[in-house]
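Hi,

Here is the structure I promised to pass on. Have a look at it first, and then read my notes below.

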Number of protein chains: 2
Amino acid sequence: MKTINKIIVAGITSVLAVLNAEAQVKVKTNEMKTNYSSELEVVNQLSTQSAVVNMPVSKLLNAPGNEALKDFFFTPPKNTSALKGKKIAVIVADGFEEIELTGPVWYFKQLGADIEIVAPKYNPATERYGLAFPELAKTHVMAIQYLQPVGWLKFDRTADQIKVSDYDAVFIPGGAWNPDNLRYDKDVIKFIQDFNKSGKLIAAICHAPVVLASADILKGRKLTGYWNIQSDLKNAGGTVLEQPVVTDGNIITSRHPIDVADFSRAVENWLLKK
Amino acid sequence: MKTINKIIVAGITSVLAVLNAEAQVKVKTNEMKTNYSSELEVVNQLSTQSAVVNMPVSKLLNAPGNEALKDFFFTPPKNTSALKGKKIAVIVADGFEEIELTGPVWYFKQLGADIEIVAPKYNPATERYGLAFPELAKTHVMAIQYLQPVGWLKFDRTADQIKVSDYDAVFIPGGAWNPDNLRYDKDVIKFIQDFNKSGKLIAAICHAPVVLASADILKGRKLTGYWNIQSDLKNAGGTVLEQPVVTDGNIITSRHPIDVADFSRAVENWLLKK
């Protein structure tokens, strides 16, 4: 009887403990969500009317309908070494959409991946083109939020210095000007073609799939991309699907910043299966 | 004898007068050229290192090799009513390359043309896309110099309000984002298709020919465009030529800002022949 009582008491205690833990987790999650919402909301309330057309990340993450995207950034990852040992090259030029680079890179780093930022070799156009490049452009690439320049990112290597064997995956962010610049760089196009032949992962979001069109690796492939370039992708031989993310063999593509979470997880899953 | 002398004197005087006038014009032209060079040079000397990658017009016009482009802007036109009665629609959205719009428009206006700025109907993306549009975006479109936002241009009408019969020609400037925005606007694409059917002039520079690709009017046509989009133009059925300006039937295209003079004159010549 004593033993049975003990078992019952122990059982009830453990059930209560589990319930209590769940309740605590629930409260904590709600608190976290409330806090996060408030922080973004306050930040947005503190901003005046934008001077130019742009895309502030705090607005994107706090917009109704983007709760899953917000959760993606504000939920700690389960396994911080899931991508340990995986090496990812981010190929990027001036005019990249900030969140489309920093979002996936932030996530891959959280999972222990090794990231290298790779830019085209610094080779500014001749004076005739009237372009003004600050000194920083020799070592950094410029981020935008839609039409607003917002910052600089230091690159680790240039496209003429990299080999296919250096990386497990290649990832190209969007922004209209960034892929526009990349697709004209011979080193970048050659590298993408060689990387594709190796069967390793090539991931591209938003306007970035035009680089794959220039590399002529889209014939017979299923993919997606920003609406405005979908006709170019079709004309390059691809079959365009209207989905947040499309995985076809070694090519993963997404449409725009809202797809960053699905895109990043698809890259993670692909690399985990290898 | 007296009469003959008078005639000779009068003749010499008038010859001298002509020579003198020519000399004055020459001196004046040289002075003007010197002044113009100096003004651009001084303006460029007064500017510090650019904060972002951009394309200042004063650098473009003053660069060695661009003398013809500079002359285009600093030589008064011969006939200020050459294009009188001609009505040109400039179709443009946020992110247009400033000189590619203001250059040709300035020239067409000098020749007496009637210009209307036409933008897509104001229809901002839903909150989910995180975009921030200032109030000004309801009545203006935003100019860039490469990656640098530089100003706003008021538009006269929106693309849902215009008819083919309203204009003698349509002109689309470049900038990566501007044509990217235009090609997704149904009113713009429908208008370009109808305008093409009418056989009236469609002129597009730099990245703008992608709008013609989206309108699917490039099959079997010769054209040119910015290098980075040339593969898209080929994939859309066009034959791309590496020339400052290509006129094929009712389509005139150019590659980049340096071609603004040749582009504008080709539009002028086309309209004069009509």
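D185(A) caps the N-terminal end of helix α6(A), with a side-chain oxygen 3.2 Å from the backbone nitrogen of D187(A). A polar contact here is a pair of N or O atoms within 3.5 Å; within protein, one must be able to donate a hydrogen and the other to accept it, and residues adjacent in sequence count only if both atoms are side-chain atoms.

Before I go on: this is a predicted model, so local features need pLDDT of at least 70 and side-chain atom pairs count only at pLDDT 80 or more, while totals for chains, interfaces and linings use all residues. Residues are numbered from 1 along each chain as its sequence is written, chains are lettered from A and ligands numbered from 1 in the order in which they are written, and side-chain values use heavy atoms, leaving out hydrogens and water.

Back to the helix. α6(A) covers residues 186-198, and its 13 residues reach 18 Å from first C-alpha to last, close to the 18 Å expected at 1.5 Å a residue (that is, 1.5 Å times one less than the number of residues). Helices (H or I, at least four residues) and strands (E, at least two) are DSSP runs, numbered from the N terminus.

V188(A), I189(A), F191(A), I192(A), F195(A) and N196(A) are buried in α6(A). Down the axis, the buried residues fall within an arc of 165 degrees, so they line one face of the helix (the arc uses directions from the helix axis to the C-beta atoms). On the other side, K186(A) and K197(A) are exposed. Buried is under 20% relative accessible area, exposed over 50%, partly exposed in between (1.4 Å probe, protein chains only). The buried residues pack against several elements of chain A, including β1 (87-91) and β12 (251-254); contact means heavy atoms within 4.5 Å. Just after the helix, G199(A) has a positive phi of about 80 degrees.

K197(A) pairs with D194(A) at 3.9 Å, N to O; the two sit three residues apart in α6, about one helical turn. K197(A) has a relative accessible area of 70%, and D194(A) is partly exposed at 24%.

In chain B, E116(B) bridges to R157(B) at 3.3 Å. E116(B) lies in strand β3 and R157(B) in strand β6, so the pair ties together parts 41 residues apart in sequence. E116(B) is buried, at 16% relative accessibility.

Cheers

Methods: A salt bridge is a side-chain nitrogen of Lys or Arg within 4 Å of a carboxyl oxygen of Asp or Glu.
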